[in-house]
Amino acid sequence: MESPLLPAEPMLWSGWGDPARAAELPAPVRELLTELLGVRPPAAPAATFGEVRLPPAALPQAVLAALAAVTGEEHVRADDDARIRHTRGKSTPDLLLMRAGDASDAPDAVVLPGSHEEVVEVLRLCAEHRVAVVPFGGGTSVVGGLTPARRGYAGVVALDLGRLDRLRSVDPVSMTADLEPGLRAPQAERLLAGHGLTLGHFPQSYEYATLGGFAAARSSGQASAGYGRFDDMVVGMTVATPRGTLEIGRAPKSAAGPDLRQVFLGSEGAFGVITSLRLRVHRAPAVRAYEGWRFETFAAGTAALRRLAQEGAPPTVLRLSDETETMVGLAKPTDLGTPGGDSGCLVVAGFEGAPGDVAHRREHAAALLVEAGGVHLGPEPGEKWAQGRFSAPYLRDSLLAAGATVETLETACFWSDLPRLYDAVRLALLGALGAPLVMCHISHVYATGASLYFTVVTAQTGDPLAQWAAAKRAAGEAIVAAGGTISHHHGVGRDHLEAYAAEIGDLGGEILRGIKERLDPAGILNPGVLIPVY
Ligand SMILES: Cc1cc2nc3c(=O)[nH]c(=O)nc-3n(C[C@H](O)[C@H](O)[C@H](O)COP(=O)(O)OP(=O)(O)OC[C@H]3O[C@@H](n4cnc5c(N)ncnc54)[C@H](O)[C@@H]3O)c2cc1C
């Protein structure tokens with residue numbers, strides 16, 4: 001990352017990202033869609049903001065007044081704009097619903113606390129009045145993590161953490177920083193850059209997602225091979241629960257019982273609200289070098305990535321696109337639709353750090369990749385990928401408008417299971433959708449395994465929501481059957497609940513319910529999300 005992008009606020013209400021960066025579909029992509037996939041424009045245009053159907057706000061005036069007494073009146077919003085912008089997340093089904101003008105899942109009010117103490121008090125009040133609370137970071141969830149069950153509750157409040165946006169302190173000796181959860185990633189990077197530091201967390205949702213959301217959904221960034229996953233970065237946290245406050249993480253590692261940080265990492269707002277994070281930080285890299293490599297087949301590239309992950313000194317960014325993704329150009333988003341796309345499979349390797357360290361790791365990687373059959377393509381493919389790394393989500397809106405559904409899904413497994421998992425998910429998607437375009441890349445690598453990230457493009461039927469739900473179900477079943485996890489970095493939310501329940505078994509579900517009952521006896525925190533029910 002050269003400089004932290006600070007995109008406009010607020011984000012598009014029915015699409016992705018900064019309205020100023022909305023992307024047109026390149027002409028060759030339009031032709032490809034029509035000729036290859038049979039894409040036709042949808043029957044109805046997308047709803048305008050004024051056409052959105054919003055249910056009447058349900059919260060009693062007395063509750064709103066009590067909340068306003070905690071945070072200040074201006075920080076309790078029940079206007080249409082605030083409610084619509086806090087409706088659901090940013091999965092393709094979420095966008096399809098908004099494009100159809102359906103805001104039936106809107107919260108009744110949006111509350112913006114300004115401190116940990118205010119969060120504790122809001123939770124107390126909501127428990128007393130049986131109001132469901134959805135912690136809301138950047139609103140970029142793609143698994144239904146912001147769509148709680150409403151039944152049995154007096155109303156739903158979105159607890160927007162955007163006002164908790166400070167860098168509280170830096171410990172340059174321990175290389176940690178205390179940051180608040182409502183900081184969006186570019187804001188956090190900008191604040192840390194002032195101290196010569198970086199977090200090194202660059203997911204594709206980087207522009208809008210927050211630190212609290214990264215921790216609560218166990219996010220993984222594009223540079224995870226070098227900087228690690230977000231859950232690896234969290235060394236301490238403060239959590240507000242309806243039962244009180246927890247301060248966790250006295251030392252980087254401890255043998256004092258099970259690590260309670262792990263209870264809240266990935267807890268998706270169901271156990272408590274993260275109000276502060278102590279994160280491991282790195283010196284801002286002096287050198288960044290990105291490059292491309294070509295492998296004849298996905299299998300050959302996979303074997304090379306495994307060796308890089310297992311034989312030490314890996315690149316900071318390491319990804320391998322399969323043949324289809326390489327050919328379509330999604331491996332280098334800036335080249336999308338360029339005629340005469342590449343053949344084989346593209347590896348992008350990026351190296352960040354001090355000059356000596358980068359030189360050493362580049363040399364090590366080059367020797368290994370050549371030995372494994374790779375052909376060096378020079379810096380251009382890597383730099384193109386780095387330039388376009390945040391642009392793909394903008395294309396989704398144009399594809400939806402053109403009548404194509406595009407969605408992604410991800411999983412992970414051990415290396416030995418990877419070929420089987422790759423085939424199983426592809427076959428499931430092809431079977432469910434007829435003739436879609438299915439692309440895949442290895443997005444994150446570990447010594448023992450890797451994650452697979454699929455992108456699917458298909459012509460919309462008359463009911464694109466049902467069409468995608470069937471495809472997603474088929475892919476989920478294939479993942480479970482082939483030994484993968486239902487999510488490597490998107491989380492569980494509501495969309496993955498069934499597969500997650502199967503993954504952790506009855507006893508696992510019971511443990512989660514036990515924790516939930518103890519921390520949140522009234523069950524107000526993000527009901528219906530994460531916790532399997534019988
Ligand atoms: C276009 C796009 C690209 C994406 N790319 C990636 C990627 O590369 N890597 C990746 O890991 N993910 C990716 N995601 C998924 C998403 O960005 C991540 O899940 C991210 O961690 C969510 O952060 P957020 O701040 O938007 O959280 P939100 O979406 O607001 O919330 C996510 C969940 O966490 C809970 N939550 C939020 N803040 C808190 C808090 N302070 N305390 C307790 N609970 C909280 C919410 O209730 C919700 O259940 C992508 C999403 C989109 C739309």
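**View 1. Pieces of the shell around the ligand.** β3 (131-136), α7 (211-216) and β10 (273-280) each put at least two residues into the shell around the ligand. Helices (H or I, at least four residues) and strands (E, at least two) are DSSP runs numbered from the N terminus. The largest share, four residues, comes from α7. This is a predicted model: local features need pLDDT of at least 70, side-chain atom pairs count only at pLDDT 80 or more, and totals for chains, interfaces and linings use all residues. Residues are numbered from 1 along each chain as its sequence is written, and side-chain values use heavy atoms, with hydrogens and water left out.

View 2. Ligand oxygen atoms turn up 2.6 Å from a polar backbone atom of Pro-135 and 2.8 Å from a polar backbone atom of Gln-204. With Thr-210, a polar side-chain atom sits 2.6 Å from an oxygen atom of the ligand. The protein covers 97% of the 970 Å² of accessible area that the ligand has on its own (Shrake-Rupley method, 1.4 Å probe).

**View 3. Helix α4 alongside helix α17.** The axes of α4 (residues 92-99) and α17 (residues 464-481) come within 10 Å and cross at roughly 170°; axes are lines fitted to C-alpha atoms over the stretch in contact, with angles running from 0 to 180 degrees between N-to-C directions. So α4 is roughly antiparallel to α17 (angles over 145 degrees). Pro-93, Leu-96 and Leu-97 of α4 meet Pro-464, Leu-465 and Trp-468 of α17, contact being heavy atoms within 4.5 Å.

Note on methods
A polar contact is a pair of N or O atoms within 3.5 Å; within protein, one must be able to donate a hydrogen and the other to accept it, and residues adjacent in sequence count only if both atoms are side-chain atoms. Angles under 35 degrees count as roughly parallel, over 145 as roughly antiparallel, 65 to 115 as roughly perpendicular and the rest as oblique.
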